[in-house]
Amino acid sequence: MGLVSVWSCQTVVDYDDDDFVPQLVVHSFFAPDSTWEVHISQTKSIFDSNTDLGIYDAKVSVVDVTTQQNFDFYHTEDGVYKTTHNPLPSHVYHLLVQDQRLGIAQAIGSVPRVDHISVSASLNNNMNGDEYLNISLTSDSGQSESDTYFAWQLIEYRGGKPNPKDMESGVVQLPEETTPFGITTTTRNLENLNFLPSQDFDKSVIDSIPSDIVQEVLEDLELENLSNNAAIKLVAISKDLYDYYETLDVTQSSIQSSSIQSNQLYDSNIINGTGIFGGYKETIIRF
């Protein structure tokens, strides 16, 4: 099951003169369970009325630094470039985008590994007899991986496959957050998850989804019980992707106000351009 992500493929930049120089805008969210896509466009000045910012004739390739294998991408439509290959966990990838007019943009990214994370969940009853869900996550690795962030969510799981109709609940909060766990709107976008840095997995992490949230999930998804119809989805993202989503809200506000330059909008790992080249991985755990 792939993760649907939403991003802006164009960036508005406000200048007081005519010295604006467009940059490549590169967005690629990649995971082992789906083939690669790279969206390529360009920044534009606020004075530019052009609405077609797609780049249709760029040369796009990715080198697997781990194996030295090269993957070429082909343009499909609207600045979207694809390949028939899937990325692999723990492999390091080098993206290269070449455009005759805007130059060369590049980035380094990887898919986080999750095989060292053990997840268990159990249904329990409170004093009123209502069910709540306890979740335990434990790292089997003796080393801290500071470039990975984790979150998890309760999803519907019927017929051996996750249901596209996902319901979030009990998502991990960052250490500085004290907001109680709770249900958010039905979505599968990364920016709506709160992630825990992998350094916190030096020992087990415990989460508890309260009975009122469990009941709301049951009612909203029209389930009789969780034990046979639900699962935990563990989501891991790279630090580059985490940094991007952390500043995405600020970016969108800045774009609307048209007050800052594109390279100041959000944390970008694109060299000679803007955007994001980041990996993620989802794993489904039954309980």
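Are Phe29 and Tyr245 buried or exposed? In this predicted model, where local features need pLDDT of at least 70, side-chain atom pairs count only at pLDDT 80 or more, and totals for chains, interfaces and linings use all residues, Phe29 is buried and so is Tyr245. Residues are numbered from 1 along each chain as its sequence is written, and side-chain values use heavy atoms, with hydrogens and water left out. Buried means under 20% relative accessible area, exposed over 50% and partly exposed in between (1.4 Å probe, protein chains only).

Rings of Phe, Tyr and Trp (its six-membered ring) pair if their centres lie within 6.5 Å; planes under 30 degrees apart count as stacked, over 60 as edge-to-face and the rest as tilted. The count by this rule comes to 10 aromatic pairs. Phe29 and Tyr245 form a tilted pair, at 6.0 Å centre to centre and 40 degrees between the planes. Phe29 lies in strand E2 (residues 24-30) and Tyr245 in helix H2 (residues 239-246), so the pair ties together parts 216 residues apart in sequence. Helices (H or I, at least four residues) and strands (E, at least two) are DSSP runs, numbered from the N terminus.

The rings of Trp36 and Phe71 are also tilted, with centres 6.2 Å apart and planes at 50 degrees. Trp36 is in the loop between E2 and strand E3 (37-42), and Phe71 in strand E6 (residues 69-72), 35 residues apart. Both Trp36 and Phe71 are buried.

Glu131, in strand E12 (residues 131-139), is partly exposed at 29% relative accessibility.
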